[in-house]
Amino acid sequence: MAVRPILIAGDPRLSTPAVPVTEFDAELAAFVEDLFETNTAARGAGLAANQIGDPRAVFVYDLVTADGRQRGYVINPSIETSEIPETMPDPDSNAEGCLSVPGEWFPTGRADWAEVTGVDIHNQPVSVAGTGYLARCLQHETDHLLGHLYLDRLIGRNKRAAKKMIKANGWTEAGRSWLPGQDTDPFHD
């Protein structure tokens with residue numbers, strides 16, 4: 001198991017849709033463990049494979065909600081949600097961050113409920129559904145695998161602020177990354 005570097009916005013691998021997993025073997029199981037280890041080192045709520053430069057359709061999640069700790073992974077996910085709001089999100093209750101947009105937070109409209117279905121490392125069906133923070137996480141990670149950062153969902157002044165932030169940080173070219181546990185933690189230090 002290994003902690004892997006996390007790509008930063010601007011890298012084209014983050015905007016490339018994932019490819020379905022077809023090989024269910026020991027290497028895939030080890031890869032899922034690497035995703036968990038990297039997510040834990042980064043103190044994230046979730047991590048998608050393309051965030052560490054791997055094109056496969058797999059993500060992990062590990063967060064605490066009102067229902068307790070929610071931890072798992074989904075391979076080849078598909079998602080269903082309740083209606084996604086089209087109005088300006090509340091900055092106090094809808095702030096969202098991303099390990100590939102280190103240290104930044106923007107209000108992001110998300111559905112209140114989401115359900116993701118897919119398979120596990122043995123190609124057996126899995127399903128996870130939730131509301132609130134878990135629903136937000138499921139939507140966020142599934143978006144990654146579709147080639148979208150949460151910044152793509154921003155509207156109005158939040159979208160304009162994010163574009164300025166990307167330019168100010170120089171996140172306009174490939175190859176930028178940070179290594180959890182080695183580089184300064186952009187969210188907690």
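Visitor: What makes the length of helix α2 close to what is expected?

Guide: Helix α2 covers residues 132-145, which is 14 residues, and reaches 21 Å from first C-alpha to last, close to the expected 20 Å. The expected span is 1.5 Å times one less than the number of residues. Helices here are DSSP runs (H or I, at least four residues), and strands are runs of E, at least two, both numbered from the N terminus. By the way, this is a predicted model, where local features need pLDDT of at least 70, side-chain atom pairs count only at pLDDT 80 or more, and totals for chains, interfaces and linings use all residues. Residues are numbered from 1 along each chain as its sequence is written, and side-chain values use heavy atoms, leaving out hydrogens and water.

Visitor: Why is α2 called largely enclosed?

Guide: Because 12 of its 14 residues are buried, among them Cys 137 and His 140. Buried means under 20% relative accessible area, exposed over 50%, and partly exposed in between (1.4 Å probe, protein chains only).

Visitor: What makes Phe 36 and Tyr 73 an edge-to-face pair?

Guide: Rings of Phe, Tyr and Trp (its six-membered ring) pair if their centres lie within 6.5 Å; planes under 30 degrees apart are stacked, over 60 edge-to-face, the rest tilted. These two are 6.5 Å centre to centre, with 90° between the planes.

Visitor: And why is the pair of Phe 59 and Tyr 61 tilted?

Guide: Their centres are 6.4 Å apart and their planes sit at 50°, so tilted it is.
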